[in-house]
Amino acid sequence: MSDARPKIWVSQPLFDDIVARLDEYFDVAATPDISDHAPEAIAAALRDADGALVTLNDRIGAAEIAGATRLRAIANVGVGYNNLDVAALHARGIVVANTPDVLTETTADFGFALMLAAARRITEAEHWLRAGHWQGWGFHKMLGAEVHGSTLGILGMGRIGQGIARRAAGFGMRVLYHNRSRLPEAVERECRARYVDRDALLAQSDHLVLVLPYVPANHHLIDAAALAAMKPTATLTNIARGGLVDEDALADALQSGRLAAAGLDVFEGEPVVNPRLLACRNVVLTPHIASGSLPTRRAMVALAVDNLVAALGYGPNAGKPPSAIAPK
Ligand code: DGY
């Protein structure tokens, strides 16, 4: 048996001081920038690797791992893992892990902020002011929607959705949610949230926030029909994945006044943003930064490193990665 140290591929610069923990056990090869995440480049990087630390920039499925005969573990730096074909990786016996929990509160903060910004037209007002349009205080200027006392709808009531619901209590909001399965009563009580079906959620929400995982069955879940079912005064906030929303239908709704405003942190063709959305004044656009506080991004990398070390049989959790995704 060879006594060579296992090889790790790190797909982009993360935090050097945290990634350096891998050096104790492994030989690490890191891609110095995020410019090349083409399938062939990923396949080449994985070919000799025993493990990989990757992000949502890396789409990895059967084709990318076909030549990666030594690959035993992939640690995704992110809670969402729709960039990975988990079934294909599990079928090859590869351990897959993500980074839940450490980003919950930070992401909930951002989701709430984006909803507030859309409702109160904060970026639209700032752009207008910076463009030199402000001639004097205007009584009717930039009138937005009410947040306090309004109805918040949460589609996807996992950890982050629950975090947003807890924040809504401070604003005196009525909270409705829809989820694959209803939460235990104690959690509903703690979140002061009421389960409703999807139609009722769309019809009754003043502010709808998407926090559900993207899976093919959810593709364009918010389409023209769903948008038409919402109040014309409502806002839509998406901090989950871009593919949940039909962006052309959303642009139609925003342009026609069928929907008051939107806050989007995620996009179907990231980093390319649908030009029709870029042209809408009533949408707040941010570049997928909901989990982006410094402590949280560091915590995500630390958890991913722990996952990788443990999945490859080293360190205090050897064989028991803290957040491995269970095979179905
Ligand atoms: C995630 O963790 O899934 C975010 O979208 C990226 O931080």
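Analyst: Two strands are said to pair if DSSP finds at least two bridges between them. Helices (H or I, at least four residues) and strands (E, at least two) are DSSP runs, numbered from the N terminus. The model is a predicted one, in which local features need pLDDT of at least 70, side-chain atom pairs count only at pLDDT 80 or more, and totals for chains, interfaces and linings use all residues. Residues are numbered from 1 along each chain as its sequence is written, and side-chain values use heavy atoms, with hydrogens and water left out.

User: Which residue in β3 is the bridge partner of Ile8?

Analyst: Strand β1 (residues 7–10) runs parallel to strand β3 (residues 51–54), and three bridges join them. β1 also pairs with strand β2 (residues 27–30) in the parallel sense, over four bridges. In β2, Ile8 stands opposite Val28. In β3, the bridge partner of Ile8 is Gly51.

User: How many disulfides does a search of the whole structure find?

Analyst: A disulfide is counted where a pair of cysteine sulfur atoms lies within 2.5 Å. Cys191 counts as buried because its relative accessibility is 1%, and Cys280 counts as buried at 7%. The number of disulfides found in the whole structure is zero.

User: How far apart in sequence are the parts that Arg21 and Asp306 tie together?

Analyst: A salt bridge is a side-chain nitrogen of Lys or Arg within 4 Å of a carboxyl oxygen of Asp or Glu, and the whole structure holds 17 of them. One of these links Arg21 with Asp306, the closest N and O atoms being 3.0 Å apart. Arg21 lies in the loop between α1 and β2 and Asp306 in helix α13, so the parts tied together by this pair are separated in sequence by 285 residues.

User: Is Arg21 buried, partly exposed or exposed?

Analyst: The relative accessible area of Arg21 is 38%. Its salt-bridge partner, Asp306, is at 29% relative accessibility and counts as partly exposed. With its value of 38%, Arg21 is likewise partly exposed.

User: In which helix do Arg130 and Glu126 both lie?

Analyst: The side chains of Arg130 and Glu126 meet in a salt bridge (2.5 Å, N to O). Arg130 counts as exposed because its relative accessibility is 64%, whereas Glu126 counts as partly exposed at 34%. The two residues are four residues apart, about one turn of the helix, and both lie in α6.

User: What is the N to O distance in the salt bridge of Glu185 and Arg189?

Analyst: Glu185 and Arg189 both lie in helix α8 (residues 185–191), four residues apart, about one turn of the helix. Glu185 is exposed, and so is Arg189. Their side chains meet in a salt bridge with an N to O distance of 3.8 Å.

User: Is Met142 buried or exposed?

Analyst: Met142 has a phi near 50°, a positive value in a residue other than glycine. Its place is in the loop between α6 and β6. Because its relative accessibility is 17%, Met142 counts as buried.

User: Where does His220 lie?

Analyst: His220 has a positive phi of about 50° although it is not a glycine. At a relative accessible area of 23%, His220 is partly exposed. Its place is in the loop between β9 (207–210) and α10 (224–228).

Conventions: Buried < 20%, exposed > 50% of the residue type's maximum accessible area, 1.4 Å probe, protein only.
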